[in-house]
Amino acid sequence: MSDFDTIIIGAGPGGYVAAIRCAQLGQKVAVVEGRETLGGTCLNVGCIPSKALLNATHHLHEVHENFEKMGLMGANPTVDWGKMQSYKQDVVNGNTKGIEFLFKKNKVTWLKGWGQIAAPGQVKVGEQTYTAKNIVIATGSEPASLPGVTVDEKTVVTSTGALALEKMPASVTVIGAGVIGLELGSVYARLGAKVTVVEFLEAITPGMDGEVQKSFQRILAKQGLKFIIGAAVKGVDVTAAGAVTRYKLRKDGSEAALTSEVVLVATGRKPYTAGLGLEALGVEMGPRGTVKTDAHWATNVPGIYAIGDAVAGPMLAHKAEDEGMAVAEILSGKHGHVNYGVIPGVIYTTPEVASVGATEEALKEAGRAYKAGKFPFMGNARAKAVFQAEGFVKILADAATDRILGAHIIGPGAGDMIHEICVAMEFGAAAQDVALTCHAHPTYSEAVREAALACGDGAIHA
Ligand code: FAD
Ligand code: NAI
């Protein structure tokens, strides 16, 4: 008799969701977590604290930029950084405690400590070894390091340090114009810091739709973020005058430097599997430190599975959650599945940016005949009322069948609206299906319908 049916290592969105689903499906399940609180990177030092700071500073931005336009005069709040940090921590605590509650409710055992897989079916936590029929690796990821840059989490920080700076910085250099760099760069820019983003490639948010990239950069620049694009960072030196970021422009090889109070290194994350004992077990690894799995998240070692940031695919909480749910179903004799073609990506800046499915660039490269229906938020009454009419919705559909292949939104509420397209794509819908669906007025979502109409006989308000 094993101690448990399944032991999951790591209590992030992948691990805790897998555990709850296993328990719901009748399994005796335990989760090993070494952190003091449940919820992993996402709840403790990722998605949740960053969204709290984005929310607080979004309101600050609204006061400064838009209140007087609406006749709300005289508001001039000062920032109590300590209080803003407490608010952020309260949001985090509420959510991590929530997972603890869900574990109790579902009778999931939390084995506190760092786990090591001693052998298939055996997990060692401290001095204790527990047995299980199956083991799921859900150990997540950690920030990738950059040659020439030493992180001290005070002056030169990763996202973890950037979320908990002791004081508001006057200036921040962000290395990497990806999701972390732009979300946290926005936070500090809204707080009044001089923010400069240095990006290696020729565009921000690599992999996103090209038109969205251009529009997004223009909007962020108007909000005060400065961009140095096509620049390879060579190193950061911490001096008495501040942190000096040295970079080389790729187009002409010229070198330059910029000094700031804080440097945020946001050049990607890598799977975290240290201390698990995978090498001794002979677990096969994939590219970039990922644990290699088959389509059912099984590694090459029978009884050992892996999900979330530790395996291939986008490093997103909801992707980890979906894999957690699917692997739990498979380990319970059911048919778990994840549709990797319909995983939305959202950047929670103001305005939000959201996308799902193929970009125009990817369709062109694949030689696929497609049509693009685009609708600007300038034609959306609700977006104009909240001063966020700069972006657009773009829907890409198959030229012959009208089936939706992808959607890209930059505008208010983009992160919620994208799910209308996700559901449509899951059902194999055509753009016309969305175009013929009545959308309430006045909502931002009308812009989605208009973009779908633009795939056919044309949008009404453009
Ligand atoms: P993790 O959440 O990393 O959890 C893994 C857990 O395993 C950790 O708690 C770790 O302590 C534990 N662990 C590791 N090894 C062991 C061991 N040997 N024994 C015991 N425990 C172990 N994604 C989004 O979708 N939306 C967002 O808005 C978003 N914002 C983000 C903001 C930031 C600043 C960062 C850094 C990330 C953000 N992400 C976001 C990404 C998201 O956090 C990850 O994709 C997600 O947390 C991955 O979940 P996971 O379960 O695979 O791993
Ligand atoms: P990222 O992969 O999104 O962006 C890294 C950026 O750094 C890229 O633009 C890359 O070209 C650039 N870069 C790499 N080396 C460089 C160098 N030497 N000099 C200058 N630029 C360089 O990684 P990021 O932002 O660190 O985020 C990590 C992960 O966390 C992502 O996979 C993301 O999915 C996830 N995340 C998701 C969020 C969301 O869903 N809203 C929010 C924050 C993080």
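A backbone N or O atom of Pro13 lies 3.3 Å from an oxygen atom of ligand 1, which makes a polar contact (a pair of N or O atoms within 3.5 Å; within protein, one must be able to donate a hydrogen and the other to accept it, and residues adjacent in sequence count only if both atoms are side-chain atoms). The model is predicted: local features need pLDDT of at least 70, side-chain atom pairs count only at pLDDT 80 or more, and totals for chains, interfaces and linings use all residues. Residues are numbered from 1 along each chain as its sequence is written, chains are lettered from A and ligands numbered from 1 in the order in which they are written, and side-chain values use heavy atoms, with hydrogens and water left out.

**Ligand 1**

- Asp309 has a polar side-chain atom 2.9 Å from an oxygen atom of ligand 1, and a polar backbone atom of Ala317 is 2.8 Å from an oxygen atom of the ligand.
- Taken alone, ligand 1 exposes 1,000 Å², of which the protein buries 94%; such areas come from the Shrake-Rupley method with a 1.4 Å probe, and for residues only the protein chains shown count as cover.
- Helix 1 (13–24), strand 2 (29–33), helix 2 (40–45), helix 3 (47–66) and helix 9 (317–331) each give two or more residues to the shell; helices (H or I, at least four residues) and strands (E, at least two) are DSSP runs numbered from the N terminus.
- Helix 2 provides the largest share of this shell, four residues.
- In total 39 residues surround ligand 1, and the closest are Glu33, Thr41, Lys51, Gly115 and Ala317; a residue counts as near if one of its heavy atoms lies within 4 Å.

**Ligand 2**

- Around ligand 2 there are 24 residues, with Ile180, Glu183, Glu199, Gly268 and Val346 the closest.
- A polar side-chain atom of Glu199 lies 2.6 Å from an oxygen atom of ligand 2, while a polar backbone atom of Phe200 is 3.1 Å from a nitrogen atom of the ligand.
- On its own ligand 2 exposes 840 Å², and the protein buries 78% of that.
- Helix 6, strand 10 and strand 12 (231–239) each give two or more residues to the shell around ligand 2, and the largest share, three residues, comes from helix 6.

**Nonpolar cores**

- The largest nonpolar core has 37 residues, and those with the most contacts inside it include Val172, Leu182, Tyr188 and Leu264.
- A nonpolar core is a set of buried Ala, Val, Leu, Ile, Met, Phe, Trp, Tyr and Cys residues joined through side-chain atoms within 4.5 Å.
- Helix 6 (179–190) is one of the elements that supply at least two residues of this core, and helix 6 gives the most, five residues.
- Apart from this core lies another, of 32 residues, among them Cys42, Ile99, Trp297 and Ile330.

**Asn380**

- Asn380 lies in the loop between strand 20 (370–376) and helix 11 (381–385).
- Asn380 is buried, with a relative accessible area of 2%; buried means under 20%, exposed over 50%, and partly exposed in between (1.4 Å probe, protein chains only).
- A polar atom of the Asn380 side chain lies 2.9 Å from the backbone nitrogen of Ala383.
- Leaving aside neighbours within four places in sequence, Asn380 is in contact (heavy atoms within 4.5 Å) with Phe375, Thr443, Tyr444, Glu446 and Ala447.
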